[in-house]
Amino acid sequence: MTHPPYLSPAYRSTLLRAPSRPPLLLKADPDTIELTSPVFGHHEVDEHEADLTRQHSGEPLGERIIVSGRILDAAGRPIRNTLVEIWQTNAAGRYAHPVDRHPAPLDPNFTGAGRCLTDDDGRYRFVTIKPGAYPWRNHHNAWRPAHIHFSVFGTAFTQRLVTQMYFPGDPLFPFDPIFQSVPGPAARERLIAAFDIDATEPEWALGYRFDVTLGRTPVEDS
Amino acid sequence: MTTPSQTVGPFFGYALPYERGWELVPEDHAGAITVTGRVLDGAGEPVPDALLELWLGETGTRGALDRRGPGASGFGRCPTTPDGGYRFRTARPATPYLALLVFARGLLRPVMTRVYLEDVPDPLLDSLEPALRATLVARAEGTGTYRFDVRLQGEGETAFLEF
């Protein structure tokens, strides 16, 4: 089992939101619409949306990073032209969202949202700022490890994935019930980006690699 | 090895919703219908920070993200309002149902369900006992409006699906 269980009591928000019944297992037939997914046109996504450091008049504060990787299907094949969306805090650990009340500064030069389409090799690439850790009210002295939210489509609605990318060696991992909701260290490891010297650009920015493998589609199963 | 799911969290609102994401068709589209309802938790309280995605099975002529121009899109996205409400304006699907995904803080992976516009003979519906079946059938309200509530947990809990 790769995905976290719906009910994960250490993450308190699951208590009233986790369904009490397991999902009904449905057999797909060829007309099943969940076997297809939206197709995104290049005219719908501007290439500048992949650079989160150039969305305002000045440069954001913080450590500039390059996050790149591939979106793959269960057989390791690239998923082309699929939409990848990300969002994150600024370097101080604050989201540009009105509900975020963490008393850390907003950065007028950083919104923290980006998107792009994968290329023919399933590759995506974002330029951004390393996000910060931040406190939340799940339990006493609760802190989220720094992370970047990822939203990925794939070729079937059943593959739709929203996840979070973490950074290697974060000391908050053992204390975070959202990260720890994933069963098993091997699966949790897949949420941690790798430092990538080849993606690092001299005199400019560190590179991190984060590949995303989507689940099997029902057709592949049959 | 599949990448595990993580919650969408409470702070997606400035990133994932896009302009007129809930309008799969323009207001004057012939035969447009509205699918609307609320997302409720196990205490019957509204879920004000959920994100819903609707899928009709094909991208359509209008594209998935760009709402300029006429035609029909097959994909829509709508965040809930403070009272847990959502709505989509869409063309009628070719199938008896629309696919729906719900993301929210507290959902470590999304829930997937189907919105049936009518209670018709159907392999999925026919496999369910009446109370569960009823959770998948929208209620027609006046002309072209269908009400479909998503109960994440507890009494009247929606039938959720996986493949």
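# Pockets, ring pairs and selected residues in a predicted model

In the structure shown above, β6 of chain A gives the largest share of the lining of the largest pocket, namely three residues. Good morning. The model scores ipTM 0.97 and pTM 0.97. For chain B, the mean pLDDT is 97, and 100% of the residues reach 70 or more.

Rolling a probe the size of a water molecule over the atoms shows where empty space is left. The largest pocket holds about 790 Å³ of space. Which residues lie closest to its centre? Of the 32 residues that line this pocket, they are Trp136(A), Arg137(A), Pro10(B), Phe11(B) and Arg105(B). In chain A, two strands each supply at least two lining residues: β6, residues 134-136, and β8, residues 147-152. By class, the lining of the largest pocket divides into 14 nonpolar, 11 polar and seven charged residues.

I turn now to the second largest pocket, whose volume is about 580 Å³. It is lined by 26 residues, and the closest to its centre are His3(A), Thr158(A), Arg109(B), Glu162(B) and Phe163(B). Which elements each supply at least two residues of the lining of this second largest pocket? From chain A they are β9 (161-166) and α2 (218-221), and from chain B they are β6 (111-116) and β10 (161-162). The lining of the second largest pocket consists of 14 nonpolar, seven polar and five charged residues.

Let us return to one residue of the largest pocket. Phe11(B), among the residues closest to the centre of that pocket, sits in the segment before β1 of chain B, a strand that covers residues 33-40. Is Phe11(B) buried or exposed? Its relative accessibility is 12%, so Phe11(B) counts as buried, the limit being under 20%. Phe11(B) and Ala104(B) are 93 residues apart along the chain, yet their C-alpha atoms are separated by 9.9 Å.

Pro17(B) is also placed in the segment before β1 of chain B. With a relative accessibility of 23%, Pro17(B) counts as partly exposed. From Pro17(B) to Ala32(B) there are 15 residues in sequence, and the C-alpha atoms are 21 Å apart in space.

My next topic is the aromatic rings. A pair of aromatic rings is described by the distance of the centres and the angle of the planes. A search of the whole structure, over all chains, finds 16 aromatic pairs. One of these joins Tyr166(A) and Phe179(A): the ring centres are 5.0 Å apart and the planes stand at 75°, so the pair is edge-to-face. Why does this pair tie together parts that are 13 residues apart in sequence? The reason is that Tyr166(A) lies in strand β9 of chain A, whereas Phe179(A) lies in the loop between β9 and α1 (185-189) of that chain. Tyr166(A) has 0% relative accessibility and therefore counts as buried. Phe179(A), at 4%, counts as buried as well.

A pair in chain B gives another geometry. The rings of Tyr86(B) and Phe88(B) have centres 5.8 Å apart and planes at 55°, so this pair is tilted. Tyr86(B) and Phe88(B) are both buried. Back in chain A, ring pairs link Tyr124(A), Phe126(A), Phe150(A) and Phe210(A) into a cluster.

Two asparagines of chain A deserve a word on backbone angles. Asn81(A) has a phi near 55°, a positive value in a residue other than glycine. Asn81(A) is placed in the loop between β2 (64-72) and β3 (83-88), and at 31% relative accessibility it counts as partly exposed. Asn141(A) likewise has a positive phi, of about 60°, although it is not a glycine. Asn141(A) is found in the loop between β6 and β7 (142-144) of chain A. Is Asn141(A) buried or exposed? With a relative accessible area of 56%, Asn141(A) is exposed.

Finally, I come to the database record. An unreviewed UniProt entry carries the annotation "domain: Intradiol ring-cleavage dioxygenases" for residues 67-95 of chain A. In the model, the end C-alpha atoms of residues 67-95 of chain A lie 19 Å apart, and the span is 0% helix and 41% strand. For chain B, the UniProt annotation "domain: Intradiol ring-cleavage dioxygenases", from an unreviewed entry, covers residues 29-97. The end C-alpha atoms of residues 29-97 of chain B lie 20 Å apart, with 0% helix and 48% strand in the span. Thank you for your attention.

Technical notes:
Residues are numbered from 1 along each chain as its sequence is written. Chains are lettered from A and ligands numbered from 1 in the order in which they are written. This is a predicted model: local features need pLDDT of at least 70, side-chain atom pairs count only at pLDDT 80 or more; totals for chains, interfaces and linings use all residues. Side-chain values use heavy atoms; hydrogens and water are left out. On a 1 Å grid over the protein atoms alone, a cavity is a set of points where a 1.4 Å probe fits but cannot get out, and a pocket is an open set with protein on both sides within 12 Å along at least five of seven lines; lining residues have an atom within 4 Å of a point. Grid points are joined across faces, edges and corners, and a volume is the space filled by probe spheres set on the points. Helices (H or I, at least four residues) and strands (E, at least two) are DSSP runs, numbered from the N terminus. Ala, Val, Leu, Ile, Met, Phe, Trp, Tyr, Cys and Pro count as nonpolar, Asp, Glu, Lys and Arg as charged, and the others, Gly among them, as polar. pLDDT is the predictor's confidence in each residue, from 0 to 100. UniProt positions are given in the numbering used here, feature names are shortened, and annotations may be inferred rather than shown by experiment. Rings of Phe, Tyr and Trp (its six-membered ring) pair if their centres lie within 6.5 Å; planes under 30 degrees apart count as stacked, over 60 as edge-to-face and the rest as tilted. Buried means under 20% relative accessible area, exposed over 50%, partly exposed in between (1.4 Å probe, protein chains only).
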